Amino acid sequence: MTDAGQATYQCPFCGTATPGPFCPNCGRDRTAARQVCRSCRQMTPKNEPECSHCGARQVNELARKVPMIIAIFAVTIALSVVLRLLLE
Ligand SMILES: [Zn+2]
Ligand SMILES: [Zn+2]
């Protein structure tokens, strides 16, 4: 007899054997979006601002992209203003 129905998965965040979608140790969703911590290189939930292992602040991908989008937008507006001044 094998315990086929007792399949467990390892929690990607704390390493605890997890029978269901939620880890009994840290309570996190085992299938939640995750990313590698830039500080300790371990998996940490993407929706948490700090690493679940070392507490290092995680850089949100969106937070990194937004200033760049604003910068491109500002440059585009500045260019259009300059072009309009040059053409008049
Ligand atoms: Zn866990
Ligand atoms: Zn970390």
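Hi everyone. Let's start with confidence: the protein averages a pLDDT of 89, and 93% of the residues score at least 70. For anyone new to it, pLDDT is the predictor's confidence in each residue, from 0 to 100. This is a predicted model, in which local features need pLDDT of at least 70 and side-chain atom pairs count only at pLDDT 80 or more, while totals for chains, interfaces and linings use all residues. Residues are numbered from 1 along each chain as its sequence is written, and chains are lettered from A and ligands numbered from 1 in the order in which they are written.

Now the layout. The protein has four strands and one helix, and the order along the sequence is β-β-β-β-α. These are DSSP runs numbered from the N terminus, with helices being H or I of at least four residues and strands being E of at least two. Confidence is lowest in strand β1 (residues 9–10), with a mean of 90, and highest in strand β4 (residues 43–45), at 93.

How far apart do the C-alpha centres of domain 1 and domain 2 lie? They are 40 Å apart. Domain 1 covers 1–57 and domain 2 covers 60–88, with bounds that come from an automatic or database domain assignment.

On to overall dimensions. Along the principal axes, the C-alpha atoms fill a box of roughly 85 × 25 × 15 Å. The radius of gyration is 23 Å, whereas a compact globule of 88 residues would have one near 12 Å. That radius is taken over C-alpha atoms, and the globule rule is 2.2 Å times the number of residues to the power 0.38.

Of the contacts with a separation of 6 or more, 8% are between residues 24 or more positions apart; a contact means C-beta atoms, placed from the backbone, within 7 Å. Buried residues make up 10% of the 88. Here, buried means 20 or more other C-beta atoms within 10 Å of a residue's own, exposed means 12 or fewer, and partly exposed is in between, again with C-beta atoms placed from the backbone.

Arg41 sits in the loop between β3 (34–36) and β4, and has a positive phi of about 65° although it is not a glycine. Arg41 is exposed because it has 11 other C-beta atoms within 10 Å.

Then there is Ile70, in helix α1 (residues 61–87). Is Ile70 buried or exposed? Ile70 counts as exposed, since it has 10 C-beta neighbours inside 10 Å. Ile70 and Arg30 are 40 residues apart in sequence, and their C-alpha atoms are 35 Å apart in space.

Thanks, everyone!

Terms used:
Two residues are in contact if their C-beta atoms, placed from the backbone, lie within 7 Å.
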